[in-house]
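Reader: I would like to go through this structure with you. Could we begin with how the helices pack?

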Amino acid sequence: MQFDDDAGLDTSQVQDERGSRIPGGGVTIGGGIVGLVALVLGLFFGIGPQELGLTSEPAPGGTARSDAQVGRDCRTGQDANAREDCRIVAVVNSAQSFWSQEFARRSAAYTPASTVFFTGQVRTACGAASSAVGPFYCPADRKVYLDLGFFNELRTKFGASGGPFAQAYVVAHEYGHHVQNLMGTLGRSEDRRTGAGSNAVKVELQADCYAGVWARHATTTPEKSTGRPLVKQLTKADIDDGLSAAAAVGDDRIQEKFQGRVTPESWTHGSAAQRQQWFNTGYSTGDMARCNTFR
Ligand SMILES: [Zn+2]
């Protein structure tokens with residue numbers, strides 16, 4: 001994955017809260033290891049942590065402090081080619097350029113969504129959350145929350161190949177949820193049902209498909225500022241990294257790894273094969289209308 005060295009990055013789309021502490025509050029997660037596993041299974045790449053019993057407890061001291069590194073260090077595509085955090089800024093920029101143009105083409109209005117970088121724990125309009133839940137989108141404040149430490153886990157804990165585009169896939173999936181939120185389809189997963197044929201799974205697979213749609217158009221979507229695409233090159237190896245990540249977070253893979261058996265009735269995101277298939281559908285067609293996982 002190569003970015004245009006000379007392109008400027010729009011860091012206003014990212015809130016850098018790494019290294020900041022939640023003032024007067026910590027986060028505890030009920031249920032110990034069992035709870036943690038449920039959390040991983042339940043929310044991985046998911047939507048809003050509120051239904052998972054996250055509770056907030058007073059913790060001593062701590063003042064909010066932001067390093068705001070990205071605003072300082074992530075200026076150009078060259079920075080995005082060199083640094084992981086700047087790369088995520090670039091992916092956020094590229095994804096939102098694409099979706100705003102795609103919405104405009106459909107005479108719809110795209111409202112940008114910020115991505116919040118955090119470490120450890122974060123407070124959101126959907127409740128307090130810890131890094132353990134993985135990246136997620138909160139519909140109530142329309143923000144994507146991301147602890148960059150997750151990308152190491154993607155490789156070490158979940159067995160994905162890693163690589164820059166694996167990260168891009170994760171970010172693009174979360175922006176897929178934002179697109180669903182704007183289109184009114186996100187709410188379909190709120191019936192609290194799980195299972196291979198559930199709305200929860202269909203919503204997740206559609207977000208994978210939307211990630212693929214963005215990937216198809218990433219190298220041809222011009223930035224407003226330069227008239228040139230921010231993403232200069234995506235190779236087959238990049239797409240394979242994305243597919244590897246999609247498979248690694250399939251419900252069947254995660255269940256096999258963490259609970260030792262596969263129970264499709266509790267799926268919330270779809271199997272490895274489904275997630276790859278829907279990313280591919282989006283990528284090969286480049287057409288969001290083909291992402292109708294509800295059909
Ligand atoms: Zn998701």
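Reader: In which hand of crossing does H6 pass H8?

Author: H6 passes H8 in a right-handed crossing, meaning that the near helix is turned clockwise from the far one by less than a right angle. This is a predicted model, in which local features need pLDDT of at least 70, side-chain atom pairs count only at pLDDT 80 or more, and totals for chains, interfaces and linings use all residues. Residues are numbered from 1 along each chain as its sequence is written, and side-chain values use heavy atoms, with hydrogens and water left out.

Reader: At what angle do helix H6 and helix H8 pack?

Author: Helix H6 (residues 164-183) and helix H8 (residues 236-248) pack at about 55°, and their axes, lines fitted to C-alpha atoms over the stretch in contact, lie 7 Å apart.

Reader: Which residues of H6 meet H8?

Author: Phe165, Ala166 and Tyr169 of H6 do so, and their partners in H8 include Asp238 and Ile239. Contact means heavy atoms within 4.5 Å.

Reader: Turning to H7 and H10, how far apart are their axes?

Author: The axes of helix H7 (residues 199-218) and helix H10 (residues 272-285) are 6 Å apart, at an angle of about 40°. That makes H7 oblique to H10. Among the residues in this contact are Leu205 of H7 and Trp278 of H10.

Reader: And in which hand of crossing does H7 pass H10?

Author: H7 passes H10 in a right-handed crossing.

Technical notes: Axes are lines fitted to C-alpha atoms, for helices over the stretch in contact, and angles run from 0 to 180 degrees between N-to-C directions. Helices (H or I, at least four residues) and strands (E, at least two) are DSSP runs, numbered from the N terminus. Angles under 35 degrees count as roughly parallel, over 145 as roughly antiparallel, 65 to 115 as roughly perpendicular and the rest as oblique.
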